Amino acid sequence: ACSAEVWNDTVTHLNAEGYETHTLTLAGFGSVPPVAADHHFLAQVRDDLAAYIRTNKLGHPILIGHSLGGFLVLWLAASDPSLPGKVISVDGLPDLAAIMNPAITPDGAVKMAASTRQSMLSSPAAQYEQTRRQTLESMITSPANVEREMKAEGTSDRNTVAEAMSEMITTDIRPDMSKIKAPVLVLGAWIAYKDYGATHDSTLARYSKQFEKLPGAKIVLSDTSKHFIQLDAPDWFYAQVDQFIGKP
């Protein structure tokens, strides 16, 4: 449910390095007005992003996305391999449902998406806000950054966020990873799940399996951050990004 605000610190870093940056907020996210969501919302975002790159003549830009954004930049790179120069997915994966349940079937993913959507849309406002806070606390270490994202996400349209979430759960782009031509860096996190048995090695194995069709993808895990790596471990994050993209 994040707006482009989540990238403010990263933009400052990249601008100082000499890069031109474009940050995008999806329709219905942050303060951007929603559009009709008809079960093709994410595909439309993917296509609009490709059109944005072409219209602005960006010329093989480096695409960086976090979570849902990471999924989208991977999908764009697979759908339009000639567009990106490099791709960085920050804890975004080709199949969300499979990372949550490796044994899930397509029918199971549809049921998971329907349940998630129903829960998000039927919760009373106070319960929805409480769930948002609990979710962010599981994804961000710093209380100040939790509050920052609570505020930034607070204006996002609930229907749009629920639609995006349900579509991501039911969209498996793992078979399309072989179509990507650009270099890919995947930054992952695992410590939020260590109480449930997750380890660095087990998480790396699960992430690697998601990219079986793209064996050249570079996957690096943070051992100190939760899901919002750019907020939890900024110095580590910048070091990984800088090494991967080089100087402009």
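Modeller: Among what covers the buried residues of α7 are α6 (125–139) and α10 (229–232), where contact means heavy atoms within 4.5 Å. This is a predicted model, in which local features need pLDDT of at least 70, side-chain atom pairs count only at pLDDT 80 or more, and totals for chains, interfaces and linings use all residues. Residues are numbered from 1 along each chain as its sequence is written, and side-chain values use heavy atoms, with hydrogens and water left out.

Biologist: Which residues of helix α7 are buried?

Modeller: In α7 (residues 143–153), Asn145, Val146, Glu149, Met150, Ala152 and Glu153 are buried. Buried means under 20% relative accessible area, exposed over 50%, and partly exposed in between (1.4 Å probe, protein chains only).

Biologist: What puts them on the same side of α7?

Modeller: They cover an arc of only 170 degrees around the axis, which puts them on the same side of α7. The arc is taken from the directions from the helix axis to the C-beta atoms. Pro143, Ala144 and Lys151, on the other side of α7, are exposed.

Biologist: Why does Gly108 count as partly exposed?

Modeller: Gly108 has 22% relative accessibility, and therefore counts as partly exposed. Gly108 lies in helix α5 (residues 106–122).

Definitions and conventions
Helices (H or I, at least four residues) and strands (E, at least two) are DSSP runs, numbered from the N terminus.
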